[in-house]
Amino acid sequence: MIISDLRLLYPWPEECPDLVLDTEGWCHEEVEAAIRTIMPAGAAVLMELGSWLGTSARIMLGHAPQATVICIDHWLGSKEHKPGGRAESDKLPILYEQFLRNMWDDRARVIPVRADTLQGMEAVARCGIRPEAIYIDAAHDRPAVYRDIDNATRLFPGVPLVGDDWPFASVREAVWRAEKDGLFAKIPYRQHGQFWWGCTKEKP
Ligand SMILES: C[S@@+](CC[C@H](N)C(=O)[O-])C[C@H]1O[C@@H](n2cnc3c(N)ncnc32)[C@H](O)[C@@H]1O
């Protein structure tokens, strides 16, 4: 597993962006509890799809003190953050720099993979890295959630997944479809309140 290769591909800037800390984020307490329960505290590498300004990544850093956290996000925002969306945000132009500012003190343990989730996961896999668990909270439309589960299954078989936003019909439908298509391990996915969890299928 060559974490240093991924660090070279997605380096931190020399200097901290000149911004004030902004800890806005969405990580429901039930999701935080799921991260703490399902992700291994002794992990060396954890990964998330969808980081925004770093709230969920900070929870993982605190939960797994030895872990490097790979944060995959294009930092362009999701549909809901765009004008007219339910979580419209004026932060999109500085989202990536704000994430770097927020995570600056933890930069030795965070790799900001600025990429689409598929490109990011492929880069991680090409470096020979296998995360010990993956948190899924990027785009929430049904095809995108399904694709994230499908790609995670293809690239990282046998890895626990924790997914956010179960109350969204699009997320539920994607998980149901993934279950139907046999993307999960033998143990079926489970759901509680705000989150769902499962495990990607092992290679046959
Ligand atoms: C709901 S936010 C993540 C919230 C974050 N987990 C937290 O704790 O605050 C979703 C994030 O996914 C990112 N995103 C959406 N679609 C993406 C895609 N296809 N590839 C990479 N990132 C994506 C957005 O830029 C946004 O930052």
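Predicted model: local features only at pLDDT ≥ 70, side-chain atom pairs only at ≥ 80, totals over all residues.

Reader: What makes H5 roughly parallel to H6?

Author: The axes of H5 (residues 117–126) and H6 (residues 142–155) cross at roughly 10 degrees. Angles under 35 degrees count as roughly parallel, so that's what H5 is to H6.

Reader: Which residues make that contact?

Author: From H5 you have Thr117, Leu118, Met121, Glu122 and Ala125, and H6 brings Arg147, Asp148, Asn151, Ala152 and Leu155. Sorted by class, that's five nonpolar, two polar and three charged residues.

Reader: How do you know that H6 reaches close to its expected length?

Author: H6 has 14 residues, and at 1.5 Å a residue 20 Å is expected. From first C-alpha to last, H6 reaches 20 Å.

Reader: Which residues of H6 are called buried, and what do they pack against?

Author: Buried takes 20 or more other C-beta atoms within 10 Å of a residue's own. In H6, the buried ones are Ala144, Val145, Tyr146, Asp148, Ile149, Ala152 and Thr153. They pack against H5, helix H7 (169–180), and strands S1 (45–49), S4 (134–136) and S5 (160–163).

Reader: Why is S1 called mostly covered?

Author: Five of its five residues are buried. Val45, Met47 and Leu49 sit on one side of S1, Leu46 and Glu48 on the other, and both faces are covered.

Reader: How do you know that S1 pairs with S2?

Author: Pairing needs at least two bridges, and five join S1 to S2 (residues 68–73). The two strands run parallel. In S2, Cys71 is the bridge partner of Glu48.

Notes: Residues numbered from 1 in each chain as written. Axes fitted to C-alpha atoms, helices over the stretch in contact; angles between N-to-C directions. Helix = DSSP H or I, 4+ residues; strand = E, 2+ residues; numbered from the N terminus. Parallel < 35°, antiparallel > 145°, perpendicular 65-115°, else oblique. Contact = placed C-beta atoms within 7 Å. Nonpolar A, V, L, I, M, F, W, Y, C, P; charged D, E, K, R; others polar. Expected span 1.5 Å × (residues − 1). Buried ≥ 20, exposed ≤ 12 C-beta atoms within 10 Å, placed from the backbone.
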